[in-house]
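Q: I am new to this structure. Can we go through it together, asking what stands behind each label?

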Amino acid sequence: MLAIIDSVALQGLDGQRVRVEVDVSHGLPCLDLVGLPDAAVREAKDRVRTAIKNSGLEFPIQRITVNLAPADLRKEGPVFDLPIAIGILAATQQINYEYCQDILFIGELSLDGSIRGVHGVLPLVLAARDMGLKRVVVPLENAAEAALALDMEVYGVANLAELAAALRGEVELQIYQLEAGEAPAPQESEVDFADVRGQLAAKRALEVAAAGGHNVLMLGSPGCGKTMLARRLPTILPDLTFEESIEVTKIHSLAGQLVHNDPLVKKRPFRTPHHTSSAASLVGGGRVPKPGEISLAHHGVLFMDELPEFHKDALEALRQPLEDGCISVSRVAASFTFPAKIMLIGAANPCPCGYQLDKDRECSCTPFQVQRYLHRISGPLLDRIDIHLEVPKISYAELTDAPPGEPSAQIKARVEQARSIQRERFKGLAITCNAAMGAREVRRFCKPDPAGAKLLQEAFKRMSLSARSHDRILKVARTIADLDDSEIISVNHLAEAIQYRGLDRLFRG
Ligand SMILES: Nc1ncnc2c1ncn2[C@@H]1O[C@H](COP(=O)(O)OP(=O)(O)O)[C@@H](O)[C@H]1O
Ligand SMILES: [Mg+2]
Ligand SMILES: [Zn+2]
């Protein structure tokens, strides 16, 4: 008899329908798996056979043919164990075939018949929902994650014997319900801007960055507080919307980075790849493409400490995603895109010894060494960074006597206000924040008043700025005016924005 069971294969984050066709007929006992299965699917044969036997069910001593259709679609991973097993049980009438219709089955089988959790459950279930399926059977440990796909009936099942009994109508499975209290509430953060003493200029610059979605490069001596400041940036960004949370959760699901009993990612990601990271670990990839650090930072912050120490090709790999907000990964069989809307915060010592900007210590580097060091951050990458920030070392007196800083919640309220102005401004356009403006939007939305225009013109000559820096200054000035609730970009707004190009001189030459 032939049984057909629904399943889904992921291509990046997108799902495609797969039909698991199982035919059991007379002939020499064997199990043939066709339809381009990868190594993991082939191993599924052995797991399925043993799991069925160890669940008190019968593995047919007949000719079994399993076809995963469509054949030209590349299928990866162990998620097909369960639909294959269900197909075999249905084809041999050990369960009721009728009950297996219009249900998505996801799960890896252990040899003892228990159903093990898999990666990528949320994107799989969302894809099934888009295909019109209403019910899904998932490993028990993935049930909370699957239930994030609203309007789906989710059944979390621990082992094959239990599932088979339900599919014979002997027991009833409970629909998994998100318990009250599991409902998303943004978690308290362990860090807060109030912890940072002094550093008013740096905090202000990060507020501007958060308000407009601008990338930042911080330069300063070791220990001046760069890491401390960057870690607090997510605490002043607006809360994730539910849709954004789901997008982030899908990516983290694929990477296997969710907490099983609390799978929804509610906090903005803060990712800190080490400077020894390869380009592949940043952008993602691999035989079964997995999202990289840039995608794991989607809707959050990618903090790259010691930016000049990163490999050249890793820095190069950042350019396209910074430009497009997504990453394209090409494979022989297909190409996928992973989302990657991030704020990049780079931090660097200003020179190899670290003390070039330090008032108290002598820098031991030659001008040539300094330049060679900073030039590792290539022009095109630097071009994506709107705000340059020199972080000074605070004095001992400031560290001990300065009052606690303003709490993150207050700064965040101002950021949210400025963001709502931007949403209104860009209604109907594909962008949501000032940093994403192209040349055309800069012309349209960033006209300074006459005094501002004059200041910019003077600065342009004095600092011999490039045309790109010119647009960057206008975008940042737009954000500063928004924080000021001002439609007009005036001379004060521009003066502050020009300050954030102070490092252009270090990079020139
Ligand atoms: N403004 C500040 N207020 C309070 N503590 C600070 C401040 N700046 C630095 N520190 C302390 O110094 C430590 C080192 O700072 P860090 O952020 O690691 O410096 P960097 O990344 O620039 O080398 C921090 O963990 C913090 O304890
Ligand atoms: Mg640091
Ligand atoms: Zn130095």
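Q: At what angle do the axes of helix α15 and α18 cross, and within what distance do they come?
A: This is a predicted model, and every value here is computed from it. The two axes come within 8 Å and cross at roughly 115 degrees. Helix α15 covers residues 408-425, and α18 spans 467-483.

Q: Is the crossing of α15 and α18 left-handed or right-handed?
A: The crossing is right-handed.

Q: Which residues of α15 and α18 meet, and what makes that a contact?
A: On the α15 side they are Arg414, Val415, Ala418, Ile421, Gln422 and Arg425. On the α18 side they are Arg478, Asp482 and Leu483. A contact needs heavy atoms within 4.5 Å. These residues meet, so they pass that cut-off. By class, the contact has 4 nonpolar, 1 polar and 4 charged residues.

Q: Why is Asp485 called exposed?
A: Asp485 has a relative accessibility of 59%. Exposed means over 50%, so Asp485 qualifies. Asp485 sits in the loop between α18 and α19 (491-499).

Q: Where is Gln93, and what is its phi?
A: Gln93 is in the loop between α2 and β5 (103-105). Its phi is positive, about 55 degrees, although Gln93 is not a glycine.

Q: Is Gln93 buried or exposed, and how do you know?
A: The relative accessible area of Gln93 is 59%. The cut-off for exposed is over 50%, so Gln93 is exposed.

Q: What makes the peptide bond from Ala69 to Pro70 stand out?
A: This bond is cis, with omega near 5 degrees. Most peptide bonds are trans. Pro70 belongs to the loop between β4 (63-69) and α2 (81-91).

Q: How far apart are Pro403 and Asp195 in sequence and in space?
A: In sequence they are 208 residues apart. In space, C-alpha to C-alpha, they are 9.8 Å apart. Pro403 lies in the loop between α14 (396-401) and α15.

Q: Why does Pro403 count as exposed?
A: Its relative accessibility is 59%.

Q: Which domains does the protein have?
A: The domain assignment gives domain 1 (2-167), domain 2 (193-427) and domain 3 (437-509).

Q: How do you know that domain 1 and domain 2 touch?
A: Their contact takes 19 residues from domain 1 and 21 residues from domain 2. The C-alpha centres of these two domains lie 41 Å apart. About 1,600 Å² is buried between them, and carbon and sulfur atoms give 69% of that area. Leu13, His119 and Leu148 supply 33% of what domain 1 buries against domain 2, more than any other three residues.

Q: How many helices and strands are there, and what share of residues is buried?
A: The protein has 20 helices and 18 strands. Of its 509 residues, 53% count as buried. To be counted, a residue must have under 20% relative accessible area.

Definitions and conventions:
Residues numbered from 1 in each chain as written. Chains lettered and ligands numbered in written order. Predicted model: local features only at pLDDT ≥ 70, side-chain atom pairs only at ≥ 80, totals over all residues. Heavy atoms only, no water. Helix = DSSP H or I, 4+ residues; strand = E, 2+ residues; numbered from the N terminus. Buried < 20%, exposed > 50% of the residue type's maximum accessible area, 1.4 Å probe, protein only. Axes fitted to C-alpha atoms, helices over the stretch in contact; angles between N-to-C directions. Left-handed = near helix turned anticlockwise from the far one by under 90°. Nonpolar A, V, L, I, M, F, W, Y, C, P; charged D, E, K, R; others polar. Domains from an automatic or database assignment. Buried area = accessible area lost by both parts, 1.4 Å probe.
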